[in-house]
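Dear colleague,

I am passing on the structure we spoke about, together with some notes on what came out of it. Please have it open while you read.

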Protein chains: 2
Amino acid sequence: MRVDILTKSENREVQKEIISKLRDLINYKNLEPGDKLPSERMLSEKFGVSRSNVREVIQKLEFFGILKSRPQSGTFIADIGQIAMSGMMDDILRLEDPDFKSLVETRILLELKTVRLAALRRTDEDLTKMRQALDAYKEKVLNGQKAVEEDLLFHLAIAQASKNSTMNTFMLIITPEIITNFEKYHVCDANLSFQGIQEHEDIYEAIKDQDPKMAKEKMKAHFKILYQYCYNI
Amino acid sequence: MRVDILTKSENREVQKEIISKLRDLINYKNLEPGDKLPSERMLSEKFGVSRSNVREVIQKLEFFGILKSRPQSGTFIADIGQIAMSGMMDDILRLEDPDFKSLVETRILLELKTVRLAALRRTDEDLTKMRQALDAYKEKVLNGQKAVEEDLLFHLAIAQASKNSTMNTFMLIITPEIITNFEKYHVCDANLSFQGIQEHEDIYEAIKDQDPKMAKEKMKAHFKILYQYCYNI
DNA sequence: CAAACCAATCTGGTTAACCAATTTTATTTG
DNA sequence: CAAATAAAATTGGTTAACCAGATTGGTTTG
């Protein structure tokens with residue numbers, strides 16, 4: 001178990017080193033947007049790491065949108081300039097694992113927006129999905145069971161109804177970590193209350209009525225306890 | 001070029017199919033959080049795909065936090081229940097590529113928050129970094145050159161000063177796509193104006209003075225043009 | 001009979017050889 | 001000499017064999 005964590009962090013260190021070396025290489029060679037990177041083989045040899053390590057890093061930077069690899073052709077620098085490139089790589093290297101506060105802070109920010117957008121843009125289909133999620137949540141709570149997951153799925157349904165794919169993606173990214181931390185810090189216990197049901201119903205109604213202001217208001221009320229929890233940990 | 005896009009989207013289709021099959025398998029086998037998935041070899045055989053494809057998907061789901069693979073041991077379902085698991089996989093399957101509007105909408109939301117947090121939490125070091133980014137931006141604009149990248153790096157410096165690692169990460173994720181789209185839709189042309197310099201200076205001053213309200217105000221003013229651009233495209 | 005031990009097996013990770021498509025270079029041809 | 005063609009080298013992607021550590025089941029031992 002201990003070793004596992006070690007190897008993982010070791011691997012991460014390796015990745016960071018590769019990114020750093022890659023940045024230096026790009027700066028040194030004055031590569032510009034659209035230019036081709038040296039081949040994976042070349043890089044793995046030059047950096048003294050395995051080709052799969054290089055591939056992992058390239059995939060990661062491709063996810064961040066600053067590289068673009070084309071089969072049988074090469075890996076290219078995306079259409080952002082050298083300055084942005086170098087600056088972003090620095091930032092990526094400096095990225096830390098998200099702490100719980102940062103997660104909740106971001107979640108609240110996102111949800112106060114998605115709920116407004118959902119009220120404005122929701123279709124009938126969205127409404128059905130939210131209703132289903134809400135009912136599943138209700139049933140669990142009324143049976144005295146934990147319902148953290150059903151809770152979150154309701155909120156994800158809202159994000160989906162917001163029709164903003166970026167926020168939807170971001171909600172998906174933070175949700176599992178939210179769930180894990182909720183259970184770790186026993187935030188879920190507070191979720192057993194019947195009050196939660198009414199709050200969810202209120203939010204649902206506001207979205208159904210296409211009332212963005214009310215929707216945001218109700219979501220704010222729903223987050224009130226979370227606020228306190230978050231800032232006491 | 002055409003083929004490249006095709007193979008990429010084909011690959012994406014393969015990935016989606018694997019995720020879908022994996023979800024069905026988990027549901028069918030009633031796997032719960034903490035349970036071990038069948039080995040990569042087994043899955044690749046069962047699904048009729050290559051092991052590297054399986055590994056790609058696992059990495060992706062690991063990024064979304066719903067799987068966790070441990071070396072020499074196996075891949076495990078994260079500490080989220082089956083319901084959240086299945087629901088999230090559905091959502092991931094349904095994820096679309098972000099459109100420009102969605103990107104700008106999210107950026108504005110994030111930045112109106114990070115600028116407030118930066119005003120509250122910035123250190124002197126943060127201030128120095130922002131100053132450097134601002135000066136680099138100024139120089140380019142005063143020389144009549146495009147400065148989209150320097151612009152964004154200033155905003156990234158703010159995100160970093162916000163001390164919220166989640167928002168910082170999200171800003172990093174959307175930045176390259178923002179840059180690309182800015183150049184595509186010639187939003188950058190509007191950035192040549194000297195007005196931008198003053199607006200940046202105002203934001204910087206507000207953060208320096210640790211005045212969150214003013215900082216948000218100035219950021220809002222800075223985004224005014226962007227708002228219009230965004231909703232006219 | 002339970003606890004300690006050990007070897008066979010299984011795991012994700014790594015490596016190296018291979019593939020098909022592309023790109024470059026050399027050759028041919030008008 | 002330039003354009004067309006063909007062959008060689010290079011590319012990211014794929015595959016299969018291999019590795020070291022973890023797990024497991026049976027065996028031994030007190």
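Which residues are exposed on the other side of H2(B)? They are Arg41(B) and Glu45(B), where exposed means over 50% relative accessible area, buried under 20% and partly exposed in between, with a 1.4 Å probe and protein chains only.

Before going further, please note that this is a predicted model, in which local features need pLDDT of at least 70 and side-chain atom pairs count only at pLDDT 80 or more, whereas totals for chains, interfaces and linings use all residues. Residues are numbered from 1 along each chain as its sequence is written, chains are lettered from A and ligands numbered from 1 in the order in which they are written, and side-chain values use heavy atoms, with hydrogens and water left out.

To return to helix H2 of chain B, which covers residues 40-47, its buried residues are Glu40(B), Leu43(B), Ser44(B) and Phe47(B). Seen down the helix axis, these buried residues fall within an arc of 100°, so they line one face of H2(B); the arc is that of the directions from the helix axis to the C-beta atoms. Just after H2(B), Gly48(B) takes a positive phi of about 70°. Helices (H or I, at least four residues) and strands (E, at least two) are DSSP runs, numbered from the N terminus.

Thr75(B) sits in strand S2 of chain B, residues 74-77, and is buried, with a relative accessible area of 6%. Leaving aside residues up to four places away in sequence, Thr75(B) touches several residues, among them Asp35(B), Leu37(B), Ile58(B) and Leu67(B), a contact being heavy atoms within 4.5 Å.

Sugar and phosphate account for 56% of the atoms of DNA strand C that come within 4 Å of the protein.

One phosphate oxygen of DNA strand C is 2.9 Å from an N or O atom in the side chain of Ser50(A), and a phosphate oxygen is 3.1 Å from a polar backbone atom of Glu40(B). A polar side-chain atom of Arg41(A) lies 3.4 Å from a base nitrogen of DNA strand C.

With regards

Conventions:
Near = heavy atom within 4 Å. Polar contact = N/O pair within 3.5 Å; in protein donor to acceptor, adjacent residues only side chain to side chain.
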